Structure formats: C-alpha cells, structure tokens
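The following paragraphs go through a protein model by way of its charged side chains, and then turn to the overall fold. Please keep the sequence and coordinates at hand.

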Amino acid sequence: MKQIYLDYNATSPVAPSVLEAIEPFLTTHFGNPSSSHSPGRAALEAIEDARMQVAALLSVGREEIVFTSGGTESNNLAIKGVMLAGGPSGHLVTTAIEHPAVVEPARFLERTGYDVTWVGCSAAGVVDPREIERAIRSDTRLVSVMHANNEIGTIQPLAEIAEICDEHSVLFHTDASQSAGKIPASAPELGVDLLTIAGHKLYAPKGIGALYIREGLNLEPVLHGGDQEDGYRAGTENTPFIVGLGQACKLAGGSLDLAALRMRALCEQMHRGIEEAIGKTVPVNGAAAPRLPNTLSIRLPGVIGHELLASCPEICASTGSACHSEVHLVSPVLAALGLSSTEAQETIRLSVGWYTSEEDVAAAISAIAGAWHSLRPV
C-alpha cells in the first residue's frame, strides 16, 4: 500500500540537499567548534555560515540568531528567558490557540508565581489585537502570539500586535515554527523582538531549531553550562544539524512564493474534490481568515475524524495537533473557535508540502471519500 503523506505540519522529510550538506560534518569535519585546531575551525566556520543563512530567511543580523534543539527549546528560552530575567514576578500575555511548546512554559510560570493572561480568538481562529491591548498591564513583560496556527493554519495579525506592544514598551515573541519556510517571516516586518523556528518543519532534521533575539535584549538562559551561543545555549553545538538548518533556510528563502502558490492550489483541489466525492459541504476551519497555503483543516459531516483516518491507513494525516494524536479529546484550538464537541471530532487536518503531487491529492480524495461513505450511517 502506497503511503500518501499529508502531515507536513507535523514534520517534513529532510530535503536531499540538506542531507548532502550534513553528511561531511558527521564524518570528515567532526571537530568541536570550540577547539582552536583545524577541524574545530572548520566546524565553527560552517556554523557561522549557517547562522547567516538562517538570519537571511528572517531578515535579521547573524549575531541575533541562537541555535537550539528545536522549537520547544526556543520557545522556552524566549518565554522563560524574558520573564526570569526581570525578577521573580511579572505578567505574561499569550493566547488560547498556542502550541503546547508555548502553553506549558506559560503554565510553569503560573505555578512559580507569575501572572498569565490567556486571550481567546474569533470564530475564524484569529486573535484580536484589541484584546491583546486590553490584557496588557503595567507589569506586563512579554506578549507571545504564534505567527500561524499549527492545526488550522490561520495567520495572526502580528504587525498590529507589535505596534501595541511597542506603544506599551512590552517585548513581543512569536512562535513561527509552522510559518517559517511557508510564508515570509521577516522579523523586522512582523515587528517582533523574538522569533522561534523549528528545523523539522522546513525540511531540516528533528532536533535543531533557532531563536531570533533582537540585539540588545538580555535573557536568562534555560540551560546552564559553557558559553556557547553567547551564553544563551550551553552545550557543544550540533554542527551537522546546524549546517542542515542553514541549508533548509536557504532553500526555503529561494522558493517561498512559487511553493506557496503550488501548495495552495493542491489544498483547493483537495477540498473541492472531497466535497464533490461525498456530495456534501465540507466546512474549512478558519476559512474566513488568511491561512497557511499548505494547511486544510476540514470537518467531514457525520464521521469521527480518527475513525475515518483509521479506515484509510494509506493516508498519513492527523485529527488536529500531531502532539495530541494519541488522545482523542477536543483540541483546545478547535474549542477556542467555538466548535461543538461533535464538530471538533469531525475534523481532520491535511497538510501538503514540497513533495506532494497532484496524483497524491487525487488518491487522497478517493480514499477519504471511500472511508466517509463506508462510515456514514445510512
């Protein structure tokens, strides 16, 4: 059975040229970047080249990029780093539709004495900047709002929120793990002070990520040890994967517009095809808002999402956030949209990528429609 991979929001395959870039640093150029000998210098130079490639994708200075183990660590460093650097108390504003990699650091801070305000979203899955402004207090240190939602793909109005944060002298962080490499993620244009990316979402390996930290900011490190990454991220650098992330960012930056057009067309083809095949309207979650070009979160009427996917095992997709794929509870994101429990359970998320073909989409339409008809009560 040929597998049809439609879960690019969960993870992406490593691009061939990324794998090619990594290989020499697993074998020939294996030196420790902190060493002063030739193998060490070669590794250090490769890291700095990669830092420049990541910085170019985000339109920032290379000295503003800190390499981490992934999006979760970057979010922890951004959120805990800002809040802890300001003292044992303070106020954080975030949203009800964030990824767990933001939600859980915020909950940790709540347990240790910090105040957190959770801002909701509209039925379209968009955060209202005015609600962010109403939540800001005199002791607010940080606002954290994701760039694009990992489950429904809605893009948040970061530039408007950034203006509000600037007016109130509050730092602004965004988790761009799901958006970087799919849509423009220029930190200066978005107006953010901190920005998270995750390598495995843009065709680099798992276990590598980066955090943009605007020049002049001071954060408390989450990991303590050596002085690597300007003291923000202790531990010997993962040179091979850093090189891979740099190459992935270079690839993404060179094909953003064309890739977005192609992926949007594939999602539209899939949505229309499923509707025609089942003869029913298939609602799209977040349809009224700007969305990532590769993400299609749909509700299949009368059928439980996880049961439908179990009935067509050739389709690799999810019912919401992949981090919760083993737990069939209502997604907090879908609940924040105001969906009923039934509507949330009818949802599946289909996300395409660089290697998705029109043939894949046609096969997916057929499989999903067949499963729907087999499960639909007569």
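The count of salt bridges comes to twelve, a salt bridge being a side-chain nitrogen of Lys or Arg within 4 Å of a carboxyl oxygen of Asp or Glu. Side chains of opposite charge can pair when their charged atoms come close. This is a predicted model, in which local features need pLDDT of at least 70 and side-chain atom pairs count only at pLDDT 80 or more, while totals for chains, interfaces and linings use all residues. Residues are numbered from 1 along each chain as its sequence is written, and side-chain values use heavy atoms, with hydrogens and water left out.

One of the salt bridges joins Arg62 and Glu48, at 3.7 Å from N to O. The pair links distant parts of the chain, 14 residues apart: Glu48 sits in helix H2 (38-58), and Arg62 in the loop between helix H2 and strand S2 (65-68). Helices (H or I, at least four residues) and strands (E, at least two) are DSSP runs, numbered from the N terminus. Arg62 is partly exposed at 30% relative accessibility, and Glu48 is partly exposed at 24%. Here buried means under 20% relative accessible area, exposed over 50%, and partly exposed in between (1.4 Å probe, protein chains only).

A second pair is Arg214 and Asp193, whose closest N and O atoms are 2.7 Å apart. Arg214 is partly exposed at 31%, whereas Asp193 is buried at 10%. Elsewhere, salt bridges with shared partners join Glu48, Arg51, Arg62 and Glu229 into one network.

Which helix gives the most to the negative patch? Helix H6 (residues 158-167) does, with four residues. The surface patch of negative charge gathers Glu133, Glu160, Glu163, Asp166 and Glu167. Patches are made of residues with over 30% relative accessible area and no salt bridge, like charges being joined within 9 Å. Asp166 is found in helix H6 and is exposed, with a relative accessible area of 61%.

As for the whole fold, the protein chain has 13 helices and eleven strands. Its radius of gyration is 21 Å, close to the 21 Å that the globule rule gives for 378 residues, so the chain is as compact as a globular protein of that length. The radius is taken over C-alpha atoms, and the rule is 2.2 Å times the number of residues to the power 0.38. Of the 378 residues, 56% count as buried.

Conventions
Patches are made of residues with over 30% relative accessible area and no salt bridge: like charges are joined within 9 Å, nonpolar side chains (Val, Leu, Ile, Met, Phe, Trp, Tyr) within 5 Å. Accessible areas come from the Shrake-Rupley method with a 1.4 Å probe; for residues, only the protein chains shown count as cover. Lys and Arg count as positive and Asp and Glu as negative; His and the chain ends are not counted. The place of a charge is taken as NZ of Lys, CZ of Arg, CG of Asp or CD of Glu.
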